[in-house]
Amino acid sequence: MAREGRIHELGAARPVRRQLLGLFLLAAAAMLCVLPGPALSGVGGRAGGGDLGEALQKAMDQVDSLRQEVEKDRAVKNYGEKARRVVQDLMDSVGTASPQLEAAVDGPLHALFLMQLSTVRQRLIDKFLHARDAAAAVSRADQLFVSAAKDLVRPDSQWSFESDREALREELTSALAQQSVLTQERARAAQTERATADVVGKIQKQMEQLGEKMRGAGAGSPWALWTSYRLPGTPFQVSGRYQDGRTNVELNLASAKDPANAE
């Protein structure tokens, strides 16, 4: 169920990805309205409205290019540095350091950053899900996550991956615990199956030997032998019957007389 929840979460995030550019354009348009006149001035005193529009279009194209890579469920190599260049190119194009413009382009870039963290986290969980040493697996996954996440962080930003890092440790620890329980149950079922086969074989052999002895004793009237055996630690009971040279062995659930003492 936890895995299905993660898959649903990732699937639900896809429509949000398609809205990123729309939000960016709205924010950029708002910047055109709120920036003061001097901020719109280009080099040499040129009116900066057109320059700013071109700069915003270029930044939009860069964000869209990164978005396309992220939507392929991959972590973009050197994403943090590429995001820094997008912001820096925009600031250089308008000729001023504008917190409003930086915030406008930082929003969609940060959203792509979070999506990549989710992708990296899920891949590491899948990679270490069947590890035998849970503590070592969690530690190694944490190291790999931190290494990948650092490459995704935009320098000089407030981006953080600590919450996703903690989520990775918690999810992987829980998944490994569940996997351990499942492995133990499978081993227990296999052991019970082997024990049942051994008991059935022994009962069948014993009853055939008794039948041979009875026939050797010259018994003339119809006769039958039967026995039963309760498998220790299980609710199963093996019953055997031998009659007229034929052996029949059955495996049944044995009901406890006292439900409180049922195994």
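This is a predicted model: local features need pLDDT of at least 70, side-chain atom pairs count only at pLDDT 80 or more; totals for chains, interfaces and linings use all residues.
Residues are numbered from 1 along each chain as its sequence is written, and side-chain values use heavy atoms, with hydrogens and water left out. Local features need a pLDDT of at least 70 and side-chain atom pairs count only at pLDDT 80 or more, while totals for chains, interfaces and linings use all residues.

The secondary structure of the chain consists of six helices and three strands. Both kinds of element are DSSP runs numbered from the N terminus, with helices being H or I runs of at least four residues and strands being E runs of at least two. Along the sequence the elements follow the pattern α-α-α-α-α-α-β-β-β. Of the 263 residues in the chain, 32% are buried. Buried means under 20% relative accessible area, exposed means over 50%, and partly exposed lies in between (1.4 Å probe, protein chains only). The chain exposes about 16200 Å², of which carbon and sulfur atoms supply 53%; these areas come from the Shrake-Rupley method with a 1.4 Å probe. Among contacts (heavy atoms within 4.5 Å) with a separation of 6 or more, 62% are between residues 24 or more positions apart.

In soluble globular proteins, nonpolar side chains tend to be buried together. A nonpolar core is here a set of buried Ala, Val, Leu, Ile, Met, Phe, Trp, Tyr and Cys residues joined through side-chain atoms within 4.5 Å. The largest such core in the model has 39 residues, and the members that touch the most others are Tyr79, Leu90, Val105, Leu109, Phe113, Phe145 and Phe161. At least two residues of this core come from each of α2 (49-70), α3 (79-94), α4 (99-128), α5 (134-152) and α6 (162-216). Helix α4 supplies the largest share, 11 residues. When residues up to four places away in sequence are not counted, Tyr79 touches Leu66, Leu109, Leu112, Phe113, Gln116, Asp151, Leu152 and Trp159. In helix α2 lies Leu52, which is buried at 3% relative accessibility. The C-alpha atom of Leu52 is 9.4 Å from that of Gly95, although 43 residues separate the two along the chain.

Helix α4 has 30 residues and spans 42 Å from its first C-alpha to its last, close to the 44 Å expected at 1.5 Å a residue. The expected span is 1.5 Å times one less than the number of residues in the helix. At Asp106, α4 bends by about 30°, and a proline, Pro108, follows within four residues. The bend at a residue is the angle between axes fitted to the seven residues ending there and the seven starting there.

Side chains of opposite charge can pair when their charged atoms come close. With a salt bridge taken as a side-chain nitrogen of Lys or Arg within 4 Å of a carboxyl oxygen of Asp or Glu, the count comes to 11. One of them joins Glu71 and Arg67, with the closest N and O atoms 3.0 Å apart. In this pair Glu71 is partly exposed, at 27% relative accessible area, whereas Arg67 is buried, at 14%. Another joins Glu81 and Arg85, with the closest N and O atoms 3.4 Å apart. Both residues lie in helix α3, four residues apart, or about one turn of the helix. Glu81 is partly exposed, with a relative accessible area of 29%, and Arg85 is also partly exposed, at 46%. A further salt bridge links the side chains of Glu102 and Arg154 (3.4 Å, N to O). Glu102 lies in helix α4 and Arg154 in the loop between α5 and α6, so this pair ties together parts that are 52 residues apart in sequence. Glu102 is partly exposed, at 28%, and Arg154 is buried, at 6%.

Most residues other than glycine have a negative phi. Asn78, which is not a glycine, has a positive phi of about 55°. Asn78 is located in the loop between α2 and α3 and is partly exposed, at 37% relative accessibility. Asp156, likewise not a glycine, has a positive phi of about 60°. Asp156 is in the loop between α5 and α6 and is exposed, at 75% relative accessibility.
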